[in-house]
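Have the sequence and the 3D view open as you read.

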Amino acid sequence: MTVETKLTQLPHDPAAEGAVIGSIIVGPETIAAVVEHIGKEDFVREEPAELFEIVRERWRKNEPIDAVLVRSDFINRPNKQALFDYLCAALDNTPSAANAV
């Protein structure tokens with residue numbers, strides 16, 4: 001399904017997607033609760049979906065999670081600049097993980 005199709009079929013809130021990404025990086029202790037309700041397929045845009053999957057994989061492997069480590073996981077991807085920009089915006093707009101779940 002393309003982004004355009006998803007946008008016309010599903011309720012979509014870009015701020016909510018960014019808040020999820022920011023929350024699970026700022027407060028990695030919330031990931032277990034978040035993954036019970038949200039999957040990669042629940043994101044409309046490619047960048048938050050990819051970032052969600054990167055964080056979830058680090059969590060599954062019991063690896064530490066922070067912005068620098070997440071960035072290191074996508075540094076060699078062709079869309080690294082878009083992922084970096086999205087990551088920075090999500091973190092700038094997420095002061096805490098208080099409302100992650």
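## What buried means here

A residue counts as buried when its relative accessible area is under 20%. Please keep in mind that this is a predicted model.

With that cut-off, the buried residues of helix H4 are Glu-47, Pro-48, Ala-49, Glu-50, Leu-51, Phe-52, Glu-53, Ile-54, Val-55, Arg-56 and Arg-58. That makes eleven of the 15 residues in H4, so the helix is largely enclosed by the rest of the structure.

## Helix H4 from end to end

H4 covers residues 46-60. From its first C-alpha to its last, the helix reaches 21 Å, close to the 21 Å expected at 1.5 Å a residue. Just after H4, Asn-62 takes a positive phi of about 60°.

What do the buried residues of H4 pack against? Their partners are H2, H3, H5 and H6.

## A closer look at Glu-50

Is Glu-50 buried or exposed? Its relative accessible area is 13%, and the cut-off for buried is under 20%, so Glu-50 is buried. This residue sits in H4. Leaving aside its neighbours within four places in sequence, Glu-50 is in contact with Arg-77, Asn-79 and Leu-83.

## Where H4 meets H6

Two packed helices are described by the angle between their axes and the distance between the axes. For H4 and H6, the angle is about 80° and the axes lie 9 Å apart. H4 is therefore roughly perpendicular to H6, as angles of 65 to 115 degrees count as such.

On the H4 side, the residues involved are Glu-47, Pro-48, Glu-50 and Leu-51, and they meet Ala-82, Leu-83, Tyr-86 and Leu-87 of H6. Sorted by class, this contact has six nonpolar residues, two charged ones and no polar ones.

## The largest nonpolar core

The largest nonpolar core has 19 residues, and Ile-21, Leu-51 and Val-70 touch the most other members. At least two residues each come from helix H2 (14-26), helix H3 (31-35), H4, helix H5 (67-74) and helix H6 (80-92). Which helix gives the largest share of this core? H4 does, with five residues.

Apart from neighbours within four places in sequence, Val-70 is in contact with Ile-25, Leu-51, Ile-54, Val-55, Arg-58 and Ile-65.

Note on methods:
Residues are numbered from 1 along each chain as its sequence is written. This is a predicted model: local features need pLDDT of at least 70, side-chain atom pairs count only at pLDDT 80 or more; totals for chains, interfaces and linings use all residues. Side-chain values use heavy atoms; hydrogens and water are left out. Helices (H or I, at least four residues) and strands (E, at least two) are DSSP runs, numbered from the N terminus. Buried means under 20% relative accessible area, exposed over 50%, partly exposed in between (1.4 Å probe, protein chains only). Contact means heavy atoms within 4.5 Å. A nonpolar core is a set of buried Ala, Val, Leu, Ile, Met, Phe, Trp, Tyr and Cys residues joined through side-chain atoms within 4.5 Å. The expected span of a helix is 1.5 Å times one less than its number of residues. Axes are lines fitted to C-alpha atoms, for helices over the stretch in contact, and angles run from 0 to 180 degrees between N-to-C directions. Angles under 35 degrees count as roughly parallel, over 145 as roughly antiparallel, 65 to 115 as roughly perpendicular and the rest as oblique. Ala, Val, Leu, Ile, Met, Phe, Trp, Tyr, Cys and Pro count as nonpolar, Asp, Glu, Lys and Arg as charged, and the others, Gly among them, as polar.
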